[in-house]
Amino acid sequence: MAKKIFSKDNSSYFLVIIAYILVELLLKTGSLSSLMRGLLVPLCVYVILAVSLNITVGILGELSLGHAGFMCVGAFAGAFMSRYIGDSLPQGAVFLIALLTGAIVASVFGIIIGIPVLRLKGDYLAIVTLAFGEIIKNIMNILYVGKDANGLHISLNSASSLGLDPESGDIIINGAMGITGTPKSSTFTIGIILVLLTLFVTLNLIHSRTGRAIMAIRDNRIAAESIGINITKYKLLAFTVSAAFAGIAGVLYAHNLNTLTALPKNFGYNMSIMILVFVVLGGMGNIRGSIIAAVVLTLLPELLRGLNEYRMLIYSIVLIAVMIFSWSPTAKNFREKYLGFLKFGKKREVS
Amino acid sequence: MSLVSYLFNGLSLGAVYAIIALGYTMVYGIAKMLNFAHGDVIMVGTYIAFTAISTMGMSPAAGIIISIIGCTVIGVLIEAIAYRPLLNVSKLAVLITAIGVSYFLQNVALLIFGSDTKSFTSVVSFRGISLAGGKLNISGETIVTIAVCIVIMLVLTIFIKYTKPGKAMLAVSEDPGAASLMGINTNGTIALTFAIGSALAAVAGVLLCSSYPALTPYTGSMPGIKAFVAAVFGGIGSIPGAFVGGLLLGVIEILSKAYISSQMADAIVFAVLIVVLLVKPTGLLGKDIQEKV
């Protein structure tokens, strides 16, 4: 089969690039409100999170409710690295090292958590990932790390128990107060480059031999095992890649803030669930869908801002309505009967 | 003596978790769905009781009954509108709808009652008892909560074992297809399960806020998640499991708050869950389901 330029995969790249050009044009003409400008980096963060969670949920077929935990680990590792290196290197190099640190630390956590978790099945797996996410958030709230001339000091009690040298001491992670003074290195351009990188790795993973093995496990574990696919290895691989990109998203997120703290709002299970909503609404295993869902669902509450206190109410009603409209058998029949000419939601069998 | 009083506090909190977990576990057993909105039904029930008792000046008993009726109606409505169209289609789709319902309930409560913390007056007028010459005080709330939990547990067990609707529930949770062939109204049975679960949520909410009086639109979400953990801990789908899981979880939480670290209590609870599931992957009293090739 000849390669098509406008294949479904390439359309994901085009979509991102077109969006980038469009936003840059709007920025140049100054027609973007400051609210929207502030949303650009978070949008990239959410897109990376949604695409990376789709590896676990859509491609591997395991329900994970702890994705925000990996983001949290990555964010703290990256921000810590940035603060630790400080001004000894140019800002770009520091950010690159921070990104690598975030990705590596998050993937190490992915392996540590993945080995026990992936032995479980279905809803049990989901609840254990949720538990791990909450534990990570909790530990970040009581972790104190400081550096002085003698090296690093770590404590789980309080900043004073670090025993820092008063002259050269510097508290980097200050328990529930988090990390302050991270350089604000995240820009929309870097965000888009990271989104493209995530897309590149994910799409190539899906179409590789490895990706086919992972999807075989999703479709029928026993059949996959019987033809010699190493279940543990491929499950762990998918889970770890997913965690690594969540870590990268975390680093991007951390470098967009002055103060990084682990609150229930940004790293709790609610965040994990929000990312899951992006993935399910965009379509399981559908990368382009994840991107669109992440962007639309992040912008929707902002666009409804004029409605003030009603906006989250409308958001929730839209969420329920969309789910029922796109999944319920009655709604499907209705759509085929009366709205067939609109041709939306091409029928594809995705298990 | 302080250990004993911590144990009682833990059992009281655990009894609330157990009542909520019963709702989770029954719904899971019969509909195989994680009802993420269950925690918010608790919150709505508590607001109804609060309005009836504090704002309208009704007696606590009347307030509780109104709250139970309100929650039952809400639970059945949620099931009929948001879950039933999707129940047999995709588990994940229902999960997302449940999250939507959860946001919806929180925001409705936010619109009606505002985001400020309401102070819930305890519905228990019984003073409590003092043992060992005043060294050990057990509050009335603690005793009532534990007693109510045990009564609910017993009534539910009898209901499921010896009544027709109860047996129908067991049948539907075992095999919905076969159950409907035997003339059981599957949709009706599922609706009944939601009704019972939501009624229990109202009771749990009132008891929870009698001991911990702060009431906000987000009051239900953390106890909801903890009760969900308790249900999984005891083996999701199993009623004695929810009871045991809830009580254990409450005791572990209070003891780790008292003796280890108050900030780490949640982390310890979750860590215990992970260890239990790794040793026994279907929870303490869960059934082991063999996979067929």
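Which residues does A:Pro183 touch, not counting residues up to four places away in sequence? The model is predicted.

1. A:Pro183 touches A:Ser82, A:Gln91 and A:His255, with residues up to four places away in sequence left out of the count. A:Pro183 sits in the loop that lies between β4 (179–180) and α6 of chain A. The relative accessible area of A:Pro183 is 25%, so this proline is partly exposed. Between A:Pro183 and A:Met71 there are 18 Å in space, C-alpha to C-alpha, and the two are 112 residues apart in sequence.

2. Helix α6 (residues 188–207) of chain A packs with helix α1 (residues 8–29) of chain A at an angle of about 175°, and the axes are 10 Å apart. This makes α1(A) roughly antiparallel to α6(A), because angles over 145 degrees count as such. On the α1(A) side the contact includes A:Tyr13, A:Val16, A:Ile17, A:Tyr20 and A:Val23; on the α6(A) side it includes A:Ile192, A:Val195, A:Leu196, A:Leu199 and A:Leu203. A:Asp9 and A:Glu24 of α1(A) also take part, as do A:Asn204 and A:His207 of α6(A). Sorted by class, the contact of α1(A) with α6(A) has 12 nonpolar, 4 polar and 2 charged residues.

3. Helix α6(A) also packs with helix α9 (residues 231–254) of chain A, at an angle of about 175° and with axes 11 Å apart. The helices α6(A) and α9(A) are therefore roughly antiparallel to each other. From α6(A) come A:Ile190, A:Gly191, A:Leu194, A:Thr198, A:Val201 and A:Leu205, which meet A:Leu237, A:Phe245, A:Ile248 and A:Leu252 in α9(A). The contact of α6(A) with α9(A) holds 8 nonpolar and 2 polar residues, and no charged ones.

4. What is the crossing angle of α2(A) and α11(A)? The axes of helix α2 (residues 34–59) of chain A and α11(A) cross at roughly 75° and come within 9 Å. The two helices are therefore roughly perpendicular to each other. A:Tyr46, A:Leu49, A:Ala50, A:Leu53, A:Asn54 and A:Val57 of α2(A) make the contact with A:Met271, A:Met274, A:Ile275, A:Leu276, A:Phe278 and A:Val279 of α11(A). By class, the contact of α2(A) with α11(A) has 11 nonpolar residues, 1 polar residue and no charged residues.

5. A:Met271 belongs to helix α11 (residues 269–282) of chain A. Is A:Met271 buried or exposed? A:Met271 has 4% relative accessibility and so counts as buried. Leaving out residues up to four places away in sequence, A:Met271 touches A:Tyr46, A:Leu49, A:Ala68, A:Met71, A:Lys265 and A:Asn266. A:Met271 and A:Thr240 are 31 residues apart along the chain, and their C-alpha atoms are separated by 19 Å.

6. A:Lys137, in helix α5 of chain A, is a lysine to check: its relative accessible area is 10%, so A:Lys137 is buried. Not counting residues up to four places away in sequence, A:Lys137 touches A:Ala262, A:Leu263, A:Pro264, A:Phe267 and A:Gly268.

7. In chain B, helix α11 (residues 265–279) has 15 residues and reaches 21 Å from its first C-alpha to its last, close to the 21 Å expected at 1.5 Å a residue. The buried residues of α11(B) include B:Ile268, B:Val269, B:Phe270, B:Leu273, B:Ile274 and B:Leu277. Among the elements that cover the buried residues of α11(B) are α5 (122–140) of chain A, and α9 (221–234) and α10 (239–259) of chain B.

8. B:Lys32 has a positive phi of about 55° although it is not a glycine. B:Lys32 is placed in the loop between α1 (2–31) and α2 (38–55) of chain B. With 38% relative accessibility, B:Lys32 counts as partly exposed.

9. B:Cys209 counts as buried at 1% relative accessibility, and A:Cys72 counts as buried at 0%.

Terms used. Residues are numbered from 1 along each chain as its sequence is written. Chains are lettered from A and ligands numbered from 1 in the order in which they are written. This is a predicted model: local features need pLDDT of at least 70, side-chain atom pairs count only at pLDDT 80 or more; totals for chains, interfaces and linings use all residues. Side-chain values use heavy atoms; hydrogens and water are left out. Helices (H or I, at least four residues) and strands (E, at least two) are DSSP runs, numbered from the N terminus. The expected span of a helix is 1.5 Å times one less than its number of residues. Buried means under 20% relative accessible area, exposed over 50%, partly exposed in between (1.4 Å probe, protein chains only). Contact means heavy atoms within 4.5 Å. Axes are lines fitted to C-alpha atoms, for helices over the stretch in contact, and angles run from 0 to 180 degrees between N-to-C directions. Angles under 35 degrees count as roughly parallel, over 145 as roughly antiparallel, 65 to 115 as roughly perpendicular and the rest as oblique. Ala, Val, Leu, Ile, Met, Phe, Trp, Tyr, Cys and Pro count as nonpolar, Asp, Glu, Lys and Arg as charged, and the others, Gly among them, as polar.
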